[in-house]
Amino acid sequence: MPQEVRGVIARAKGEPVTVETIVVPDPGPGEAVVEVQACGVCHTDLHYREGGINDEFPFLLGHEAAGVVESVGPGVTDVAPGDFVILNWRAVCGSCRSCLKGKPQYCFATHNATQKMTLKDGTELSPALGIGAFCDKTLVAAGQCTKVDPAAQPEVAGLLGCGVMAGLGAAMNTGGVSRGDTVAVFGCGGVGDAAIEGSRLAGAKTIVAVDIDDTKLEWAKDFGATHTINATKEDPVERIRELTDGNGADVTIEAIGLPKTYEQAFYARDLAGTVVLVGVPNPDMTIELPFIELFGRGGALKSSWYGDCLPSRDFPMLIDLYLQGRLNLDGFVSETIGIDDVEEAFHKMEQGGVLRSVVVL
């Protein structure tokens, strides 16, 4: 029968979030109910609260989560009650034009739960990224549950559900960083530091971190940055060229979503190098580059969606690397908080004082 649990709700644009009672239905065909153990506070949740994604209020926030499957609906075979899972927002459909081309990491029709979670008065909720995990239990499509080794702590495992995976994948999947490469990462928040960590894992020789905050640049060193640049004190393009024998980096990764830093990333790459955009720009932003530079520099300009990850492939592998001590997921957790502290965590995020606050339920 339906269950009543606590959930973090954004009722209107720009208003503080509230913790309210929500109703979670029993799972239907292809669905699962997951007991959420931990959920990271991601910028995307703040974008939902601010109306930056769409206006389908009220939202049930939270999406960067891990937990245990409580129950499954008819036809579900990939996960079972008791499985430890990371939730993902790329539950591939297997039948869209991208999946049929053998590129499920770009699936254009990912699955979400068919039923809706509601407030007690019956008001339907819009779950953030089709997940809604700032709650004790959530209803998702079974394909949104990726089974991983339960030896991993949920507060670190859940980070692969969004931001950390986006950064790791921007380097390892989209950027194709390989042994001996030089990499420059613009923006050293959670996603940027994950791109630095991914570059280190891939064997990059030189990893340059660029930011305007000395504290964040110190954090970047913990994830593998070999050099740091404060862009308020020196020109990052010139300095990156100095560090790469005058050539520029093989791969540059923009993890902020600003035209100015994208332009810097463009000019800081080597001939035939790759620029990866993983930072999310605002809809009204534009950029202008000399057309001859696009031609003359060659290489590739890429956008990275969710780190171009395939959760069923990448999540278990990355958790194994973490358990082997080769992937520094612990370093991303700045603090653990309760479900009533999400609004305060948003303020800390806006001030740049944390990499990740993680709600532990």
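Begin by selecting helix α10, residues 311-323, where the buried residues are Pro311, Asp314, Phe315, Leu318, Ile319, Leu321 and Tyr322. Buried here means under 20% relative accessible area, exposed means over 50%, and partly exposed is in between, with a 1.4 Å probe and protein chains only. Helices (H or I, at least four residues) and strands (E, at least two) are DSSP runs, numbered from the N terminus. Looking down the axis of α10, you will find its buried residues within an arc of 155 degrees, so they line one face of the helix; the arc is that of the directions from the helix axis to the C-beta atoms.

Before going further, note that this is a predicted model, in which local features need pLDDT of at least 70 and side-chain atom pairs count only at pLDDT 80 or more, while totals for chains, interfaces and linings use all residues. Residues are numbered from 1 along each chain as its sequence is written, and side-chain values use heavy atoms, with hydrogens and water left out.

The 13 residues of α10 should span 18 Å at 1.5 Å a residue, and the end C-alpha atoms are 18 Å apart, which agrees; the expected span is 1.5 Å times one less than the number of residues. After the helix comes Gly325, with a positive phi near 80 degrees.

**The nonpolar cores**

Next, select Leu160, Ile196 and Ile253, which touch the most other members of the largest nonpolar core, a set of 48 residues. Such a core is a set of buried Ala, Val, Leu, Ile, Met, Phe, Trp, Tyr and Cys residues joined through side-chain atoms within 4.5 Å. Helix α4 (residues 163-174) supplies the largest share of this core, six residues. If you centre the view on Leu160 and leave aside its neighbours within four places in sequence, its contacts are Ile86, Met165, Leu168, Tyr306, Phe315, Leu318, Ile319 and Leu329. A second, separate core has 32 residues, including Val17, Phe134, Val140 and Phe346.

Apart from neighbours within four places in sequence, Val191 is in contact with Gly163, Ala166, Gly167, Ala255 and Val278.

Then select helix α7 (residues 236-243), in which Pro236, Val237 and Ile240 are buried. Seen down the axis of α7, these residues fall within an arc of 100 degrees, so they line one face of the helix, whereas Glu238 and Glu242 are exposed on the other side. The cover over the buried residues of α7 includes β11 (182-186), β12 (206-211), β13 (227-230), β14 (249-254) and α8.

From there, go to Thr261 in helix α8 (residues 259-267). Thr261 is buried, with a relative accessible area of 13%, and, leaving aside neighbours within four places in sequence, it is in contact with Phe186, Glu254 and Ile256.

**Backbone points to check**

Most residues other than glycine have a negative phi, and most peptide bonds are trans. With that in mind, select Asp245 in the loop between α7 and β14, which has a positive phi of about 55 degrees although it is not a glycine, and which is exposed, with a relative accessible area of 71%. Asp308, in the loop between β16 (300-303) and α10, also is not a glycine and has a positive phi of about 45 degrees, but Asp308 counts as buried at 6% relative accessibility.

A cis peptide bond joins Phe57 and Pro58, with omega about -5 degrees, and Pro58 has its place in the loop between α1 (43-49) and β4 (59-60).

**Cysteines**

Finish with the cysteines: the structure holds zero disulfides, a disulfide being a pair of cysteine sulfur atoms within 2.5 Å. Cys96 is in no disulfide, and the nearest cysteine sulfur, that of Cys99, is 3.7 Å away; Cys96 counts as buried, at 10% relative accessibility. Cys188 is also buried, at 0% relative accessibility, and its sulfur is 17 Å from the closest cysteine sulfur, in Cys42, too far for a bond.

Methods: Contact = heavy atoms within 4.5 Å.
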